[in-house]
Structure formats: C-alpha cells, structure tokens
Amino acid sequence: MTSVSLPDDAELSRRIGGLDLESKVRLLTGADLWTLPAEPRLGLLPVTMSDGPQGVRGTGADPDATGLLAPAPSALAATWDAELAERLADLFATEARRKGVDVLLAPAVNLQRTPVAGRHFEYLSEDPLLTGTLAAAIVRGLQACGVAACLKHFVANDSETDRTSYRSRLDERTLREVYLAPFEQALAEAGPWSVMAAYSGVDDGQESAPMSEHVRLLWGVLKEEWGFTGPVVSDWAATRSTVASAVGGLDLVMPGPEGPWGEALVAAVRAGEVDEQIIDDKVLRLLRLARNTGRLGLPEQESALEPTEGPYLSAQVEGSGASALAPEEFALLREVAVRGTVLLRDEAGLLPLQPNSISSVALIGPNAVAPYLQGGGSAFVPAARTVTFEDGLRAALPEGVRLTVHRGGDSRRRPPFASSELLTDPDTGTAGVRADHLDVDGNRIGGEVRTSADWTTYENFGPATDRVVLRTELTLSEPGIHRLEFGCTGRFLVTVDGEQVFAGDDDRGVELVLQSLHHYPPLQWIDVQVGPETPRRIAIGIDLTVVEPGGYDRFVTAQLRHTVPGPTPYEEIAEAAAAAGAADVAVVVVGTNEESESEGWDRAGLELPGYQDELVRKVIAANPRTVVVVNAGAPVLLPWADEVPALLWAWLPGQEAGHALADVLLGRSEPAGRLPWTLPARAEDVPVPDARPHDGIVTYTEGVHIGHRAWDRQELTPAFPFGHGLGWTRWTYDSVTTPYPSVSAAHLTGPAGGDGLQLAVELTNTGPRAGREVVQVYVEPPQDGPDRPVRLLAGFTTVQAAADAQVTAQVQLSARAFQIWDTDLRDWRTPAGRYRLHVGRSSRDLRLTADVISDGDRLHTVV
Ligand code: BGC
C-alpha cells in the first residue's frame, strides 16, 4: 500500500484545478443509490453512505446482509447519557466499516415537536439541549473511528405529512433557539463531516425556499456563520432544481446517476448562471469528506486507488453475518436498552420480580407475541438476530417457572400475509407463486416461483421487464368467512377466479417510495365464504407494471394478506385475562407496530392500536400483580396508567429486546431511563396535536414553547412529565452550589456554555440498592422582557451511588439556556434579570433552587 500524508486544502484545490468542468460536476451527483463517483485523477475513491440511526443498514449489495440493530434513538435519548451514546456510535462505526460504509446518515436531530410525528422514534427528544448533547456524542463516537456522521435533516423537518413539499413557517427566534440549536451544538462540539438538507422547506420571514435551495440557512447560517466546511447532501430524491439548489448551498445530489445537475449544471455554468467557483467549492467539500474518511489517495496513479495512511481506512467489504459480530457488541445493545427503559410507576413494590417466589408468569399482549423492535422507513436494519420478550424471559426465568404466552387480540389493522403453505403454483401443482416477467410487448422474458405472499418492494427482475404477472392458487379450508386483502402499488390488475376485482393506476413514481407506499400499499379486500365440507381453491392473478421511481431501483409491490376465521379479539382478551388470573404474575406488553410508527406518514392519534386498552383493564382486574410494559418509540395514551401497579416504558428496544426486559423485570439491572419527552394523559392537552400542513404550510405557532416548555406554560398535568423515571432506589437532593461568584456572559457565548456556569449538586441514594440518577437543571428566566419559556432545560448529568452513599453531580449549564436570539442585534444576548435555577429529578419534580442575576454582561451567583 502506498503511504502518503493527508493532503491539505491547498493541495486539494490544486488537484481540483486540473479537472475540466464536466468532470467536476460529475462528482456532485451520486454514482448510484448510496455511492459517490470515484475520480482517479483526484485520488478520489468512491465514498459510500448508508442509513442509520438504529444501526447501519448497508447498501444492499448483498441482499442477505444483516447486522446490529440498536434501540431506536428515542430509547437512547432516555438514557440521558452522552458517554453511552458515544460508545454506541463507536460500535456503529465498527459496523459501518464491516459493511463498507464511510458515511452514516445519522444522527437525526429534528425535534419531537408533535407526538404524532411519524419519525418521532427516530429523533432523540423534544428538547433542543438533550438532542444536541446526544447528537454531539454520536458524531464524536463515529468520527473518532473515521466514519463520517451526516447530521440530518437540516432543518425544521419535524413531521412527515406531505414532507417533500411542505414549508415550515417559523420566526427567527424560534428557529435559532429551538430547531437550529441541536445542529449548532453538534457542529460546535463535534464537527460533523456532512449535513443533510431536509425535503421540506423553511419560511423564516426572510426567505421561503425548499431546504435544498435555502441560501440564507445553508450558506448564511450553516456555512458562513457556523463555519461548516463539509458537504451539504440532499435528502434522497429531494433536489428538484438545477441553478437554485447549486447556488443555494447544496453540494451533493443523492441518489444518482440521474438527477437535476449533470449536464444541466454544466450548461448553467457555461451560461453564467452559476459561478464555476461554486462548483469548485462543492468538490473541495466532497474531497474533505473523502479525506476524513480515508477515501482519498494519490491522484493519477494506479496506487492512488489504495487508501492513504489517513487515520482510518475503510474496509470496503459488504455483508456481515451474525458470526462476525462479537458478544460484547450484543452486550452493549442490551445495556443501552436496559439503561433507556423507564420505570414510570411501581406503586405496589412489585418490581423487581423475585424469581424464586414465582411459579408462573403469563406473558400477554399483541407486542408480547410480535414485539416491535425498530421503527419503519429508511432507518430499518435487517437484524442479525432478535431476542423476543418471550425468548428473553424464558432464558432468564429459573427452570420450573411456567411461562405462557397469550396475544389478547390482534392490534394490527392489516392481517398477516397468507401462509405459504396455502399457495400452489397453478402450472406445476407444487407449492408457490409463479411470476412471469414480461417485456413491453408482453413477451415472457423471465420468471421464477416464490413461496411467499409478501412481495413488498420486489426488484428481482431484469431491466427489460415491464410487467410482472403473478399467479397462484390459495387453498382455504376452515369453514367460515376468510378475508383476502390485496396490497399493490402503482399500476396493477387483480383477478380472482378469472374475474377482475381490483385495479390501480397510480403513476406518481418516486413519491410512492417517499410516502412508504411500496411498503404499505393501500389494501383492498374481498370476503370468501368456505362451507363445512370441502376446502375451496381460489385462483389469484396479479398483473403489476414495474414502477419507475427515478433514483431508486425499479420495483413492484404485491401483498396477499389473509384473515382465517378464528376467535374474536374479545374472546382472545377473555382467554388472556383468565390466564393472568391463574398465574402468579402477569406481564402485559402493549405498544405500537409497523403500521403506526414509521417514516413516510404521521399518526392519526395517540391511542394504542387495536383493543389493547381493554386488554390491560381486563388483565389488571384479573390479577393485581400485573406489570405493564409499553413497547413504543413515541407517546401513546395510557388511560389506565393510574390503575396499574407497575408500568415500564421499554421503547423500540432493538435486537436484544427480550434480554433487556428480563434484566429489568428480574432486577438484574436498573431501568435508569428518564423520559426524553412528555407523555400526555389526554389527547386534548397536547400542545401541538398534529403537524398537517395547511395550504402547504406548517406553522410553528407555539414559537419557542416546545414540549415540556408548553406543558409548563399552560400549567397542564401530563401523565408523566419530561425527565421522569424512577429506577430501583430513592434519592434526596441535599444542596446546590455554584463554584464561581460570578461568570462573564462572554464565557457563555459558546452554544454549550464552554467553561461557563457549573453547578455542584449533592445528593444521597437513600434507597436499598446502588442506583443511577439523572440530575436535571432547569432555568426559569425573567418573564418581564421578551416572551420566554417558563422553564427550560439548562443542563444535566448522570451519577451513580451505592446505597446510602452521597455523591456530587457536576452539572455544566448551557449558555443558550440563558440567552435569547436578538433579531435586531442579529446576535445572542442574556437579558438582564434574575434567573432561578431549579435542580431536580424531572421537569416537575424540582428539589433545589439557586439564583443567578444577569446584568447583561455578567451572571452573578446569589448566595
Ligand atoms: C430519508 C433520510 C434517509 C434517506 C436515504 C430519506 O427518505 O428522509 O433520512 O437518509 O431517505 O435512505
């Protein structure tokens, strides 16, 4: 391998100067879905990107590749632990290298503005400081290993409905103090090597544009004011213009090789509409990314295609089976899942369970049977292994403890896929679904027989295929009514026993992908009556026209779902309640599922899907020793929360779900999580109940009062407040002191407060066991000036102490918590007045106070 030192910017510019315009512009659009083009004359190797943030999905080059599936980001945020987030990101970097990935498209630092947002699970928190602190840690963990982070989605892309077209309307202060804040903090503290521009647009009163063209925010704020030197990458298929995006600050168009730049951008430069220096700047930013990730070698030599001796080298090897994964990697995923689990309530001292005094456990609930381990959409990772709640409990419970499992009613609107055992290839009479691939003239040019009734985004056909025609025979035996549901995308025809039953004509191309309709096509159903004597055989034909989703692979979608006559949900609930009554302990796992939490749409409401509320009520009536576990990434209403003895929030816990839950239930580890968002008690209290655009605009009317700030301002009581979580022990908060009598406001100008104001909080673990506490500090700013939150999170840290031990928590306070963005000054300032600091265990459990006075220049401690 050739060894050279890393070229500096001047050397990169010199290399760029040797390229013609076409060659430079070629580099600015992806070579394919995930990879940027190589350029031997620059020594540039292909740079490969992949989605996070629940793991590293990989590029799909090996369709069977699997990998590590971490808890979803909102679970990580519930640990409130930057050091743990950094360790997890370090593991992601190892995984990225295994999968040949140089840039992880993570972390996602949009805010949980509304609890119904589809990507709520994928964002960290409703709070800018908690989000920014964890995001910075993730960036540090990745980049310390030479894998680039891509901070996304810049900015104010906080909901999904019409996400490719809406514009967020918010004033400058709200933008600066809330939505830009986590980006600014992560940038200042950890320097991400790339940033992704959002699909949506922003109207901040000064400029209204899609984010891929937003001159003021991309150029003005991100690059010039904050000094970001890496590339701004488009969100996938988000770029709609040539000149506006090129001059607006976008640097790389993904995916490729098609797209609005290419020849059109070359022509625009030649016509004088885009300065060539702008192109050079984009290439320079790309080369910096390549340099940082070990993807830059010597120009114009064969040896250039060997990585240089950069700090890290990317191993371009796709695919990792479970065998490549180390036990300590699984252990870290399990630790994150445990540490994020929030003990919301434990009234009867039921938890942790004492395994030696239990002889039977009834594990109940739709999510006990089918756990929801990760959110849907681009963040999806095929897991190398999954440990279900049942697996985890079985492995952990002592031998002899009886574990029974009961669904207690399905919570999905969509029935399961038809069983492959019921499908017969009509041509051969053997099992399967026959697929014929046809060209534009209707000639058969290929095909295969598949066993599954699930053809969600099926791409296994050649470029000349225009249609895929499926045929199968479905055998229905159980007497009664069978419901058959068909889900197809784009243009299609469905026949049953030769008669056309459904047709579709949706030619929206890429929009079908961006709205997740390739995974969740609308369903159309028919009922089939089967008599008691003979099974019925139904001939099914599905004729699908291949969808052309520009940028993404061509695909068809076909799903056949089947409801077999069986017990009603109420019968299943009654059976589960009876089992609960007969067991020593009932563990009910309720939650969301792939129909609720996903990229591509927002939820319609906050209720648990299906009959789960009814199920919980029946089970707690049958057995007072019931633990309810919520398996969801985003808030759901728990109208029975005050009636359950013990309540845990277990998030979308990733592959180690079952082990983590068993660790917690049996007390082997402490559930040390704290809510990173507010859990509403009633839908009507939610400050921003939905984020549907009106006339294409999402208006941020609540201003700076996001999440818990709004709940405090409106003096509403949530089910559980932001920051809440109990753990296995109890804490007293003994004293708070500030080490300095006064701090210059100038010290507080960095987004994170630099070496500014610190608090020392003494607390004592008065409970029976060692424990971990998240010490939270909220600042109550003066209310006599500009509109400010009643209280805002100003700092936090986690500490551990043995039973009966005292510990001192050092909490660094964020400068931004004291400051406002002054739109006239165009700068930050700390308004004069008294700032009361509240120290506590949640935004509503405030134990100690200290005051500081700002005279505008200095903050003085009041003793
Ligand atoms: C998502 C991004 C993701 C990209 C690539 C987009 O639809 O918004 O978060 O990184 O796809 O999969």
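## Burial and basis of the model

Of the 863 residues in the protein, 62% are buried, where buried means under 20% relative accessible area, exposed over 50% and partly exposed in between, with a 1.4 Å probe and protein chains only. The model is predicted, with local features needing pLDDT of at least 70 and side-chain atom pairs counted only at pLDDT 80 or more, while totals for chains, interfaces and linings use all residues. Residues are numbered from 1 along each chain as its sequence is written, and side-chain values use heavy atoms, with hydrogens and water left out.

## Overall form

A compact globule of 863 residues would have a radius of gyration near 29 Å, and the 28 Å of the protein agrees with this. The radius is taken over C-alpha atoms, and the globule rule is 2.2 Å times the number of residues to the power 0.38. Along the principal axes, the C-alpha atoms fill a box of roughly 90 × 75 × 55 Å.

There are 19 helices and 37 strands in the protein. These are DSSP runs numbered from the N terminus: helices are H or I with at least four residues, and strands are E with at least two. Among contacts between residues at least 6 apart in sequence, 77% join residues at least 24 apart; a contact means heavy atoms within 4.5 Å.

## Surface and charge

The protein exposes about 30200 Å², and carbon and sulfur atoms supply 49% of this area. Accessible areas come from the Shrake-Rupley method with a 1.4 Å probe, and for residues only the protein chains shown count as cover.

The protein has 74 positive and 119 negative charges, whose mean positions are 3 Å apart. Lys and Arg count as positive and Asp and Glu as negative, without His and the chain ends. Each charge is placed at NZ of Lys, CZ of Arg, CG of Asp or CD of Glu.

Two strands pair if DSSP finds at least two bridges between them.

Strand 3 (residues 148-154) runs parallel to strand 5 and is joined to it by three bridges, with Cys 150 opposite Ser 194. Strand 8 (residues 232-234) also pairs with strand 5 in the parallel sense, over three bridges, and here Met 196 stands opposite Val 233.

## Strand 21 and its partners

Strand 21 (residues 536-545) pairs with strand 16 (residues 467-476) in the antiparallel sense over ten bridges. Arg 537 in strand 21 is the bridge partner of Thr 475.

Strand 18 (residues 491-496) is antiparallel to strand 21, and five bridges join them. Gly 541 in strand 21 stands opposite Thr 495.
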